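Visitor: I have the sequence and the model open. Please walk me through a few sites.

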Amino acid sequence: MSIRVAGITKLYGQQKALDNVSFTINTGEITGFLGPNGAGKSTMMKILTGFIPPNEGSAFINDLDILQNGIETRRLTGYLPENNPLYPDMYIREYLLYVARLYKIPAALAKKKVEEMIERTGLLPEHQKKIGALSKGYRQRVGLAQALIHDPEVLILDEPTSGLDPNQIVEIRSLISDLGKKKTVMLSTHIMQEVESICNRVIIINEGRIVEDGAIDKLQSRKETGVETIIVEFSDKVSRTDIEAIQGIIKIHGLKDNQWLIQSQTTSDIRPVLFNLAVKKGITVLSMQKKEKTLEEVFQELTVNKS
Ligand code: ADP
Ligand code: MG
């Protein structure tokens, strides 16, 4: 099962929400569709699920063009829309049966499927309630249950964990990881950490354009920029000139008292040299730490507004 997008452009009036976007997602991948608010994530997902048409380009689910095979591609796809619109006055079972009917699942099987989904998404403790009476976490489970009821092979989840508390986030993420073992999953998020914890692939979108596409490891390697940052604290005064004399130093910055932020080339490890410097001066190194660039920082660098 695959998702393929070729040269999709979407305009809202004059505004380009998507600008010539192309990518392919293969079976067994959990792909994070990552980008800041307004980047075009929901627009892409609405196109992939046939809710809105693109202005240009095509999208395929399992090599079927969604514009020409709408009924078939919707049957293959489960979709959790942004903000998870549900009917608050319906009971969980009633709603799921209604969704099952929309997919034309035969009555006897539909009942079985509803029970299976309630169990699978952890809805059992609240199964007798109306949707309107559920907490946000449980509503999200109902959203996932309706996306899964027809056993789709492709899952498209628009910000599945937004608005959940930390415990609910952990539970929903683990459910998605589990689903990803058998299905092709694309989920959108603006949280880098979410991508790190459940995805094996990331597509980063910014202002309607793809700015990065690849395995998570590839993004990890972007952290290496040839510059290393170290924060060191000495027990006593050390002069700027002493530090500047060390080989490979790019920039130094006095933080407070005897604390320095030092940037150096990654090719020369300056930590032993800093220790030796302290020894030579008859003082000690109180602390020394490497400041790693986080994936969050990499994401920011890729998506800062350049216009
Ligand atoms: P994301 O989901 O990444 O936050 P969206 O796809 O919702 O981004 O939106 C992309 C851009 O398109 C935004 O600038 C948004 O304001 C605009 N947009 C989205 N939906 C509409 C709409 N129905 N009419 C006009 N502009 C829209
Ligand atoms: Mg959105």
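Visitor: Which residue in the hairpin of β9 and β10 takes a positive phi?
Guide: First, the ground rules: this is a predicted model, where local features need pLDDT of at least 70, side-chain atom pairs count only at pLDDT 80 or more, and totals for chains, interfaces and linings use all residues. Residues are numbered from 1 along each chain as its sequence is written, chains are lettered from A and ligands numbered from 1 in the order in which they are written, and side-chain values use heavy atoms, with hydrogens and water left out. The hairpin has two residues between its strands. The one with a positive phi, near 50°, is glutamate 207.

Visitor: In which sense do β9 and β10 pair, and over how many bridges?
Guide: Strands are DSSP runs of E with at least two residues, helices are runs of H or I with at least four, and both are numbered from the N terminus. Two strands pair if DSSP finds at least two bridges between them. Isoleucine 205 stands opposite isoleucine 210 in β10. β9 (residues 201–206) and β10 (residues 209–215) pair in the antiparallel sense, over six bridges.

Visitor: Is asparagine 206 buried or exposed?
Guide: Asparagine 206 is in strand β9. Buried means under 20% relative accessible area, exposed over 50%, partly exposed in between (1.4 Å probe, protein chains only). At 9% relative accessibility, asparagine 206 is therefore buried.

Visitor: Which residues coordinate the magnesium ion?
Guide: Donors are N, O and S atoms within 2.8 Å of the metal (3.2 Å for Na, K and Ca); water is not among the atoms, so sites may look incomplete. The distances are 2.1 to 2.2 Å, and the donors come from Ser42 (OG) and Glu82 (OE). The pair sits 40 residues apart, serine 42 in helix α1 and glutamate 82 in the loop between β6 and α3.

Visitor: How far is the polar side-chain atom of serine 42 from an oxygen atom of ligand 1?
Guide: Serine 42 counts as buried, because its relative accessibility is 13%. Its polar side-chain atom lies from that ligand oxygen at 2.9 Å.

Terms used: Polar contact = N/O pair within 3.5 Å; in protein donor to acceptor, adjacent residues only side chain to side chain.
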